[in-house]
Amino acid sequence: MKTECIGDHVKLKGKTYPCTVSLTMDLVGGKWKAVILYHLKNEAKRYSELRKELATVTEMTLSLQLKQLEKDGLVSRKVFGKKPPIKVVYSLTDLGKTFIPVLEVITEWGNRVVIENGEFINVPEKESN
């Protein structure tokens with residue numbers, strides 16, 4: 001019997017899911033969570049660095065997704081300094097690091113789809129005023 005089928009449901013941090021796939025998608029699903037994890041997989045980054053790398057995400061969405069990833073134990077947030085300007089750095093937790101092999105497979109699959117069915121393009125950067 002498969003592990004995800006041992007019981008009728010699975011439970012994590014008081015939340016019940018019909019299966020482990022549902023649990024996983026709750027933790028990393030959506031448009032931005034996996035992308036944020038991907039950008040943190042090699043090194044810790046400040047919020048401003050993430051904003052620059054994820055130019056099409058709104059500040060509110062990035063902030064909310066980071067808070068959710070932190071709450072779920074995938075990302076850690078460290079604050080340096082007590083007076084402004086404070087430095088806030090995000091990094092993967094040990095749990096978040098266990099997702100890196102999945103991110104690499106997703107990246108490989110996405111690259112293959114583009115190579116076979118699309119094209120890689122360069123989009124000009126927006127000028128900042």
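Strands here are DSSP runs of at least two residues, numbered from the N terminus. In this predicted model, Lys 13 sits in the loop between strand E1 (10–12) and strand E2 (15–17).

**Backbone in loops**
- Most residues other than glycine have a negative phi, and most peptide bonds are trans.
- Lys 13 has a positive phi, near 50 degrees, and is not a glycine.
- Lys 13 has a relative accessible area of 62%, and the cut-off for exposed is over 50%, so Lys 13 is exposed.
- The peptide bond joining Pro 84 and Pro 85 is cis, with omega about 0 degrees.
- Pro 85 lies in the loop between strand E4 (75–80) and strand E5 (87–92).

**Packing of H1 and H2**
- H1 and helix H2 (residues 33–40) have axes 8 Å apart and pack at an angle of about 70 degrees.
- Angles of 65 to 115 degrees count as roughly perpendicular, and H1 and H2 are therefore roughly perpendicular to each other.
- The contact brings Asp 26, Leu 27 and Val 28 of H1 against Lys 33, Ala 34 and Leu 37 of H2.
- By class, this contact of H1 with H2 has 4 nonpolar, no polar and 2 charged residues.

**Second largest pocket**
- The volume of the second largest pocket is about 180 Å³.
- Its lining includes Lys 13, together with Asp 26, Leu 27 and Lys 33.
- E2, helix H1 (20–28) and helix H4 (59–71) each contribute at least two residues to the lining of the second largest pocket.
- The lining residues of the second largest pocket comprise 3 nonpolar, 1 polar and 6 charged.

Conventions:
Residues numbered from 1 in each chain as written. Predicted model: local features only at pLDDT ≥ 70, side-chain atom pairs only at ≥ 80, totals over all residues. Heavy atoms only, no water. Helix = DSSP H or I, 4+ residues; strand = E, 2+ residues; numbered from the N terminus. Buried < 20%, exposed > 50% of the residue type's maximum accessible area, 1.4 Å probe, protein only. 1 Å grid on protein atoms, 1.4 Å probe; cavity = no way out; pocket = protein on both sides within 12 Å on 5 of 7 lines; lining within 4 Å. Points joined across faces, edges and corners; volume = space filled by probe spheres on them. Nonpolar A, V, L, I, M, F, W, Y, C, P; charged D, E, K, R; others polar. Axes fitted to C-alpha atoms, helices over the stretch in contact; angles between N-to-C directions. Parallel < 35°, antiparallel > 145°, perpendicular 65-115°, else oblique. Contact = heavy atoms within 4.5 Å.
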